[in-house]
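Dear colleague,

Please find the structure below, handed over for your use.

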Amino acid sequence: MIDIVRTNSDDLHFISLVRCLDADLAERDGAEHSFYAQFNKVDNIKYAIVAYEDGLHVGCGAIKEHDVNTMEVKRIYILPAYRGKGIAKRVLTALEEWTIELNHSVCILETGKNQPEAIGLYNKAGYSLIPNYGQYAGIVNSVCFKKLVKSETV
């Protein structure tokens, strides 16, 4: 059974999973890792999620405010032994639901071209490719996505 728990960046299980993510990304990104690492700090993240399977912390994700309508999805990671079970989709859905509760209507995110699993997840979840934004503009190994999670009513 998968349990999704809302927390923040002070959560020790979240911190532990982010360390695993950073190690994985360092391997995938090679020399470019230091560039990306500067944008992936997790201190002071108010909205983090930890996924548990049978009491073990196996996955995580977070959102942070990008602007008044938009939350940026960050730090989604599932331990390798637990992949392929739909946990990443559950984490992403929970983050989107939290975005709506926080009265935001859009989620954006950046991932790397060296993360085909992530790209597949976002495509399946209805995210659309957008031009690279902010610090990722002009970065050839970055891929940015956007999804309207709540229709804005006038």
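Buried residues (under 20% relative accessible area, with exposed meaning over 50% and partly exposed in between, for a 1.4 Å probe and protein chains only) make up 45% of the 154 residues in the protein chain. Please note that this is a predicted model, in which local features need pLDDT of at least 70 and side-chain atom pairs count only at pLDDT 80 or more, while totals for chains, interfaces and linings use all residues. Residues are numbered from 1 along each chain as its sequence is written, and side-chain values use heavy atoms, with hydrogens and water left out.

Overall architecture

The protein chain contains 4 helices and 7 strands; these are DSSP runs numbered from the N terminus, with helices (H or I) of at least four residues and strands (E) of at least two. Their order from the N terminus is β-α-α-β-β-β-α-β-α-β-β. Of the contacts (heavy atoms within 4.5 Å) with a separation of 6 or more, 67% are between residues 24 or more positions apart. The accessible surface is about 8100 Å², and carbon and sulfur atoms account for 53% of that surface; such areas come from the Shrake-Rupley method with a 1.4 Å probe, and for residues only the protein chains shown count as cover.

Strand pairing

Strands are called paired if DSSP finds at least two bridges between them. β2 and β3 pair in the antiparallel sense over 7 bridges, and Glu-53 has Leu-56 in β3 as its bridge partner. These two strands form a hairpin with 2 residues between them, and Asp-54 in the turn has a positive phi of about 50 degrees. β3 also pairs with β4 in the antiparallel sense, over 7 bridges. A hairpin of 2 residues joins β3 to β4, and Asp-67 stands opposite Thr-70 in β4.

β4 pairs with β5 in the parallel sense over 3 bridges, with Met-71 opposite Cys-107 in β5. Together with helix α3 (residues 87-101), β4 and β5 make a right-handed β-α-β unit; right-handed here means that, with the strands pointing away from the viewer, the path from the first strand over the helix to the second runs clockwise. β5 pairs in turn with strand β7 (residues 142-148), in the antiparallel sense over 7 bridges, and Val-106 has Leu-148 in β7 as its bridge partner.

Buried interior

In strand β5 (residues 106-112), 7 of the 7 residues are buried. Both faces are covered, with Val-106, Ile-108, Glu-110 and Gly-112 on one side and Cys-107, Leu-109 and Thr-111 on the other.

A nonpolar core is a set of buried Ala, Val, Leu, Ile, Met, Phe, Trp, Tyr and Cys residues joined through side-chain atoms within 4.5 Å. The largest such core has 27 residues, and those with the most contacts inside it are Val-73, Ile-87, Val-91, Leu-92, Tyr-122 and Tyr-127. The elements giving two or more residues to this core are β2 (47-53), β3 (56-67), β4, α3, β5, α4 (116-124) and β7. The largest share, 6 residues, comes from α3. A second, separate core of 12 residues includes Phe-14, Ala-48, Val-50 and Tyr-77.

Ile-78

Ile-78 lies in strand β4 (residues 70-78) and is buried, with a relative accessible area of 6%. Beyond its neighbours within four places in sequence, Ile-78 is in contact with Val-58, Gly-59, Cys-60, Arg-83, Ile-87, Ala-88 and Val-91. The C-alpha atoms of Ile-78 and Val-58 are 5.8 Å apart, although 20 residues separate the two along the chain.

Yours sincerely
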